[in-house]
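Open the model in your viewer and keep the selection tool at hand. The tour goes from one selection to the next and says what is there.

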Amino acid sequence: MHKLLYALLVGLVGAGIVHIVVLLLLPQFSERDAWGSLAETADLYKAVRVDEGNGVAPLVRLEDPLFSASACRFDLDDGPVHIKATGNVPFWSVSIFNRSGQNVYSFNDRATERGALDFVVLTPSQMIEVRKAMPESYQRSIFVQVQIGEGIMMVRSFVPDPTWKEAASEFLEKMGCTKEA
Amino acid sequence: MLKTVILTLVVLSISIVGGGASVWYALKANEGMGAVRIGQWTAFPSLGTADADPYSKARVAREGILALGRAEGLTFTAERDANGEVLLRQCSYEIQGPFPPARFWTLYAADPSGKVVPGGEQRLGAIHSYQFLRFTENANLISAGRHPAPGNWLALSGSGPMRFLLTFFDTPIASGTGAADIVLPTITKTGCDA
């Protein structure tokens with residue numbers, strides 16, 4: 001009897017350890033995370049719609065029916081990434097996520113002059129290189145310095161009513177997500 | 001000898017089943033650490049950021065969430081009305097009260113699996129502040145239900161449990177520490193279809 005009680009106690013302690021281990025390892029081994037589902041659909045540096053706009057199931061959990069969104073994956077180890085979009089939408093916002101889907105940086109259209117979306121994501125060391133010789137194409141860009149390698153960039157666009165759908169689609173589908181050499 | 005083997009098996013099965021099930025349960029619950037509760041509304045300001053607790057991090061990875069950033073907005077979820085009863089799609093509710101400062105907000109209903117409750121055939125099941133009708137003395141009132149209502153109507157359909165999601169965009173409550181001090185609208189049940 002004593003032995004059984006002892007076994008139950010050890011079992012509970014073990015359950016605690018398993019709980020902590022599973023919890024901490026889950027982010028590393030999850031295949032259903034945002035990166036995984038985006039990787040199934042599109043290559044790096046290819047912006048895709050992640051909402052139900054194209055009649056397909058949403059790629060990531062993006063519930064708000066009044067928003068459309070587009071995302072692309074990038075790898076800063078290959079160089080900075082330049083994101084540009086033009087169009088007229090009532091509100092847009094951008095989030096940069098790291099490989100495991102954590103939001104590392106975000107801003108919205110109020111952060112830019114005339115609401116144009118033009119920004120460069122790069123690491124601090126790449127920023128030093130860029131400062132030495134500013135490329136012509138970066139003249140009007142916002143620089144976002146993040147200390148990550150692989151990452152996801154997502155642009156959300158507000159669609160107040162169906163008449164805005166076309167404008168939002170155009171804004172998101174013309175979005176460029178290009179690697180700068 | 002056999003006794004030792006059985007006891008070892010007991011220890012192992014309790015550990016693995018108990019540990020796994022407790023993680024699963026903890027991730028399913030909408031409570032958890034890092035939650036800010038205001039009235040019936042719950043928000044997770046640190047969800048999906050680097051300072052989130054391990055439970056939020058595991059949830060983000062498991063469900064493939066790409067959370068709203070602090071410069072984007074903050075979502076509040078309500079699963080119960082002011083009397084503590086579960087929100088049902090076949091009931092009508094009045095959502096009334098102050099809305100904290102934000103550039104705009106959106107409100108919609110979702111079923112327990114996270115799918116948006118459609119608003120019927122012709123109507124989107126969501127409303128936002130740009131199309132919001134304000135009453136005299138700045139009273140804010142939203143009627144949510146399956147039957148059309150005057151003023152601000154959030155159309156619902158179907159039956160079963162649901163939750164309301166109220167998201168504030170470009171708002172100081174998401175970026176500051178002020179999320180705990182704000183006042184949010186109250187949800188009152190006005191009636192149910194039999």
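Start in chain B of this predicted model with the open sheet of four strands, whose order is E8-E7-E4-E10 and whose pairing is mixed. Select residues 152-155 for strand E8 and 186-192 for strand E10; these are the edge strands of the sheet in chain B, and each of them pairs on one side only. Ignoring direction, neighbouring strands of this sheet are turned by 25° against each other on average. As background, the strands of a sheet pair through backbone hydrogen bonds, in a parallel or an antiparallel way.

Next, select strand E4 of chain B, residues 91-96, together with strand E7 of chain B, residues 141-145. The two run antiparallel and are joined by four bridges. Pick Tyr93(B): its bridge partner in E7(B) is Ala144(B). Then pick Ile95(B), which stands opposite Ile142(B) in E7(B).

Which residues of E4(B) form the covered face, and which the uncovered one? Cys91(B), Tyr93(B) and Ile95(B) make up the covered face, while Ser92(B), Glu94(B) and Gln96(B) make up the uncovered face. In a regular strand, side chains alternate between the two faces of the sheet.

**A sheet in chain A**

Move to chain A and select another open sheet, of four strands in the order E7-E6-E3-E9, with mixed pairing. Its edge strands are E7(A), residues 142-145, and E9(A), residues 176-179, each pairing on one side only. The twist from one strand to the next averages 20°.

Within this sheet, select E3(A), residues 81-85; four bridges join this strand to E9(A), and the two run antiparallel. For one pair to look at, take His82(A), whose bridge partner in E9(A) is Thr178(A).

**Where the chains meet**

Color the two chains separately and look at the contact between them. In chain A, 44 residues are in contact with 45 residues of chain B. Which elements of chain A give two or more residues to this side? They are H1, H2 (34-41), E4 (92-98), E5 (103-108) and E8 (150-158) of chain A. H1(A) gives the most, with 15 residues. By class, the side of chain A that touches chain B has 23 nonpolar, 13 polar and eight charged residues.

Select H1(A) and H1(B). Two packed helices are described by the distance between their axes and the angle between them. The axes of H1(A) and H1(B) come within 7 Å and cross at roughly 35°, and the crossing is right-handed. Residues of this contact include Ala7(A), Ala15(A) and Val18(A) from H1(A), and Val10(B), Ile14(B) and Gly18(B) from H1(B). The contact of H1(A) with H1(B) has 14 nonpolar, eight polar and one charged residues.

Keep H1(A), residues 2-29, and select H2(B), residues 54-63: the axes of these helices come within 8 Å and cross at roughly 40°. H1(A) passes H2(B) in a left-handed crossing. Leu23(A), Leu24(A), Leu26(A) and Pro27(A) are the residues of H1(A) here, and those they meet in H2(B) include Pro54(B), Tyr55(B) and Ala58(B). This contact of H1(A) with H2(B) divides into eight nonpolar, no polar and two charged residues.

Which residues of H2(B) are buried? Ser56(B), Lys57(B), Ala58(B), Arg59(B), Val60(B) and Ala61(B) are. The buried residues of H2(B) pack against H1 of chain A together with H1 of chain B, residues 2-28. Just after H2(B), select Gly64(B), which takes a positive phi of about 65°.

**The nonpolar cores**

In soluble globular proteins, nonpolar side chains tend to be buried together. The largest nonpolar core here has 84 residues. Those that touch the most other members are Ala71(A), Val121(A), Ile152(A), Met153(A), Val155(A) and Leu107(B). Select Ala71(A): leaving out residues up to four places away in sequence, Ala71(A) touches Leu38(A), Ala47(A), Val48(A), Val50(A), Ile152(A), Met153(A) and Met154(A).

Conventions:
Residues are numbered from 1 along each chain as its sequence is written. Chains are lettered from A and ligands numbered from 1 in the order in which they are written. This is a predicted model: local features need pLDDT of at least 70, side-chain atom pairs count only at pLDDT 80 or more; totals for chains, interfaces and linings use all residues. Two strands pair if DSSP finds at least two bridges between them. Axes are lines fitted to C-alpha atoms, for helices over the stretch in contact, and angles run from 0 to 180 degrees between N-to-C directions. A crossing is left-handed if the near helix is turned anticlockwise from the far one by less than a right angle, and right-handed if clockwise. Two residues are in contact if their C-beta atoms, placed from the backbone, lie within 7 Å. Ala, Val, Leu, Ile, Met, Phe, Trp, Tyr, Cys and Pro count as nonpolar, Asp, Glu, Lys and Arg as charged, and the others, Gly among them, as polar. A nonpolar core is a set of buried Ala, Val, Leu, Ile, Met, Phe, Trp, Tyr and Cys residues joined through C-beta atoms within 7 Å. A residue is buried if 20 or more other C-beta atoms lie within 10 Å of its own, exposed if 12 or fewer, and partly exposed in between; C-beta atoms are placed from the backbone.
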